[in-house]
Amino acid sequence: MCAHVLVAEDDEMQAELIRRSLLSEGHTATVVHDGSAALDAVRRQRPDLVVLDLMLPVIDGFGVCRVLRRDDDIPVLMLTARSAEDDVLLGLELGADDYMTKPYSPRELMARIRTVLRRSGRAAGRREDPVVRAAGIAVDPVRHEVRCDGAAVECTPAEFEILLAMTAEPERVFSRRQLLECTRGIDRASTERAVDVHIMNLRRKIEADPRRPVRLLTVFGVGYKLSGGRG
């Protein structure tokens, strides 16, 4: 069951952990960090499920859930650091389909997501294809394979994780710190400057002319993005 999941979580490390877990399950994911951005992403992208932190800035999770239930029937799985029963009950009364209290294990969260998706039937008709595609690049998180224009590409574990993150969200600008987080657990001694080396090596593998990249672009003063759109 492959689905598009919107993750609304203001803690960037938690959001990245959820995003990577979703990708490893074959889902696609969009991450936002405040309630207003969550509502905008729902309108634009029509996700199959929203993973919603209650303590969001701008508009909190309760407010987001109210709007979603007024305008839509998208399943909502709440995340809360609050253990008070009243908070959980309020979220459920507003229409949340399930909730989890922090801290939680990624495996349990993925199991809850599978249950909510199965119950809602939102992703029932989707093809069970875990491959993420963008800019002529196909990344398979299950088989740990990369293809560029149909040709196999050998990547190091760190390069694979960076490319997987960028292929899942083409045109998104990633900072070096965000890309470094993608490699945590692979090379704990790595630094933000090491990201530049990984990008340079990836360009040698996926660009016709690494000196004049058209896919893996530098956004000066910010970071990098994969350009070319999905497919």
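This is a predicted model: local features need pLDDT of at least 70, side-chain atom pairs count only at pLDDT 80 or more; totals for chains, interfaces and linings use all residues.
Which side chain makes a polar contact with the side chain of Asp140?

**Stop 1: Asp140**

Show the side chains here and you will find the partner: Arg143, whose side chain makes a polar contact with that of Asp140 at 2.9 Å. Asp140 belongs to strand β7, which covers residues 137-140. With a relative accessible area of 5%, Asp140 is buried.

**Stop 2**

Next, switch to a cartoon view. Strand β7 is part of an open sheet of four strands, ordered β6-β7-β8-β9 and paired antiparallel. Color β6 (132-134) and β9 (151-153): these stand at the edges with a single partner strand each, so one side of each has no neighbour in the sheet. From one strand to the next, the twist averages 25°.

Zoom in on β6 and β7, which pair in the antiparallel sense over three bridges. Select Val132 and you will see Val139 of β7 standing opposite. Then bring in helix α6 (residues 157-168), which packs on the sheet and touches β6, β7 and β8 (145-148). The direction of α6 makes about 115° with that of β7.

**Stop 3: two loops of the sheet**

Select Ala135, in the loop between β6 and β7. Its phi is near 55°, a positive value in a residue other than glycine. Move on to Asp149, in the loop between β8 and β9, where phi is also near 55° and again positive in a non-glycine residue. Which of these is buried and which exposed? Ala135 counts as buried at 10% relative accessibility, while Asp149 is exposed at 58%.

**Stop 4: α6 meets α8**

On the α6 side, select Ala158, Glu159, Ile162, Leu163 and Met166, which meet His198, Ile199, Asn201, Leu202, Lys205 and Ile206 in α8. By class, this contact has seven nonpolar, two polar and two charged residues.

**Last stop: a cis peptide bond**

Finally, select Lys102 and Pro103. A cis peptide bond joins them, with omega about -5°. Pro103 sits in the loop between β5 (98-101) and α5 (106-120).

Note on methods: Residues are numbered from 1 along each chain as its sequence is written. Side-chain values use heavy atoms; hydrogens and water are left out. Buried means under 20% relative accessible area, exposed over 50%, partly exposed in between (1.4 Å probe, protein chains only). A polar contact is a pair of N or O atoms within 3.5 Å; within protein, one must be able to donate a hydrogen and the other to accept it, and residues adjacent in sequence count only if both atoms are side-chain atoms. Two strands pair if DSSP finds at least two bridges between them. Axes are lines fitted to C-alpha atoms, for helices over the stretch in contact, and angles run from 0 to 180 degrees between N-to-C directions. Contact means heavy atoms within 4.5 Å. Ala, Val, Leu, Ile, Met, Phe, Trp, Tyr, Cys and Pro count as nonpolar, Asp, Glu, Lys and Arg as charged, and the others, Gly among them, as polar.
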